[in-house]
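Please keep the viewer open as you read.

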Amino acid sequence: MAMLLGYWRFSVAERTAEELFDRTLLAAALAVSRDVAVSGGDALQPLTRDLIRDASGGEVFYHATGPGGIYVTGYAYPPTEAGDQVDDPYTPVLFQATYRDEQVLVLRVTERMSIDNLTGDATVTVWQRLADRRAFSNQLAVRAAAIMGVLLLTLALVVWFGVARGLRPLLSLQDAIAARSPDDLSQIKRAVPVEAQGIVRTLNRLFGQVETSITAHQSFISNAAHQLRNPAAAVQSMAEAVKDAPSEEDRNQRIAKLVVAARNSARVADQLLSLDRLQQPVRTASFEVFDLCRLVQETCADMGPIVLLQGIDFEMSTPDGVIEVHGDRVFVGEAIKNLIDNALKHGGPKMSTIKVQLLHAMGCAQVTVLDDGKGIPEGQHEAAFRRFSQVGPSEGSGLGLAIAWSVAERHNGSLSIDPVEAGASLTLCLPSVV
């Protein structure tokens, strides 16, 4: 921008200087013409000589002739114009010519005057060397460039000082963050300029989120290790007991218990993997529109034999037609399976029936799992949905309802415990596709 402005300023100054030089040349010609008329060609006044000698653009040369072309004063041989003459002889003529092998700018003025009782046209020719003019213009340009250079240098120093001073707190903040250990996620409490406070707030919020995420993962890993330790130990102890079985019948009983323990261990591992996947950001690419009626039927078909083998009645009720929802089919099926498994493991020894109902009302698909077991105490509703939390002693891992809750939240739905007189009733509500 400075170069563009400098070029523009130089061009304007050059044009302005040319106009001023031309006006000075005209003033010199008129002054010479006046002195010739006043003195009769004898001499020039001191002011005129000073004007000619010190004119802008260099020294001015002159040549004056009186009426009839008689030489009056000045240099003997002025430069001549090549080309056509103007129609009006009294109009000042400005042209370039060569004088003594140098380029000059010439101005010729013709006026009517009387000298020594002679009346006629007197012509005054004045000229300047173009080299002197260019030297004068270059001198002005160099001065302007020097001033602009000084201003740019001053501006650069001021900007450098201001930026360095303004960034000093940020550099200090950078050094402080770089000196932190990887385990230090505490908030930044250093004083920073107003312009950087937003960055510090964002970093503090990010540190808090990372710390929360790390704490959650550490807690998850600790709880997962604790939950897997018991089933793994049970499988190991039962496997060792099988080897020491005193009879074939006893060995078969222990093998059956070993299969149940292995199945429970695999179930806990699957639930832990599902819970970990649910903690990841929502990926809508895995979402699809599917028939919830068919999914409920398939899930009940898978869980039915397990429930019936324990001597518990199992009922399923779904409406005719199709109820479509938009979501992750695998996660929704896992949530329904967990609701049934929760009733099976926490219903108690007196439970005799588990029912699964699917309804569609107010744009919501409702999957309800009821049982006639011991139920969930009213003060324990919140604890039932917490991870690794159990209302009472059971074979469960404390993950089933937590996974179902996460699935409902992931699909913009809800999971609630319904008020019933006996047993327990849990309803999973998912938005349906209209």
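**A guided walk through the chain**

At 66% relative accessibility, arginine 100 counts as exposed, where exposed means over 50% relative accessible area, buried under 20% and partly exposed in between (1.4 Å probe, protein chains only). Before going on, please note that this is a predicted model, in which local features need pLDDT of at least 70 and side-chain atom pairs count only at pLDDT 80 or more, while totals for chains, interfaces and linings use all residues. Residues are numbered from 1 along each chain as its sequence is written, and side-chain values use heavy atoms, with hydrogens and water left out.

Back to arginine 100: this residue is not a glycine, yet its phi is positive, about 55°. You will find arginine 100 in the loop between strand S3 (93-99) and strand S4 (102-115); helices (H or I, at least four residues) and strands (E, at least two) are DSSP runs, numbered from the N terminus. Asparagine 412 is another residue other than glycine with a positive phi, near 60°. Its place is the loop between H9 and S11, and asparagine 412 counts as exposed because its relative accessibility is 66%.

Now zoom out. The chain contains nine helices and twelve strands. Of its 434 residues, 35% are buried. Among contacts (heavy atoms within 4.5 Å) with a separation of 6 or more, 62% are between residues 24 or more positions apart. The chain exposes about 26100 Å², and carbon and sulfur atoms supply 56% of that area; accessible areas come from the Shrake-Rupley method with a 1.4 Å probe, and for residues only the protein chains shown count as cover.

What lies inside? In soluble globular proteins, nonpolar side chains tend to be buried together. A nonpolar core here is a set of buried Ala, Val, Leu, Ile, Met, Phe, Trp, Tyr and Cys residues joined through side-chain atoms within 4.5 Å. The largest one has 39 residues, of which Leu292, Ile340, Ile354 and Leu428 touch the most other members. At least two residues of this core come from each of H6, H7, strand S9 (353-361), strand S10 (364-371), helix H9 (400-410), strand S11 (414-417) and S12. H7 gives the largest share, eight residues. Leucine 428 shows how such a member is surrounded: leaving out residues up to four places away in sequence, leucine 428 touches Ala335, Ile336, Leu339, Ala365, Gln366, Val367, Ala404, Ala408, Ser414 and Leu415. There is also a second, separate core of 15 residues, which includes Leu25, Val36, Tyr62 and Val109.

Next, look at threonine 427, which sits in strand S12 (residues 424-431). Is threonine 427 buried or exposed? With a relative accessibility of 8%, threonine 427 counts as buried. Its side chain makes a polar contact with the side chain of aspartate 418 at 2.4 Å. A polar contact is a pair of N or O atoms within 3.5 Å; within protein, one must be able to donate a hydrogen and the other to accept it, and residues adjacent in sequence count only if both atoms are side-chain atoms. Beyond its neighbours within four places in sequence, threonine 427 is in contact with Gln366, Val367, Thr368, Ser414, Leu415, Ser416 and Asp418.

Charged pairs come next. With a salt bridge taken as a side-chain nitrogen of Lys or Arg within 4 Å of a carboxyl oxygen of Asp or Glu, the count comes to four. One of them links arginine 112 to aspartate 121, with the closest N and O atoms 3.2 Å apart. Arginine 112 is exposed at 56% relative accessibility, whereas aspartate 121, at 30%, is partly exposed. Another joins arginine 294 and glutamate 298, at 3.3 Å between the closest N and O atoms. These two residues, arginine 294 and glutamate 298, lie four residues apart in helix H6 (residues 292-309), about one turn of the helix. Lysine 345 and aspartate 341 also meet in a salt bridge (3.3 Å, N to O). Because lysine 345 and aspartate 341 are four residues apart in helix H7 (residues 329-346), about one helical turn separates them. Salt bridges with shared partners join Arg294, Glu298 and Arg329 into one network.
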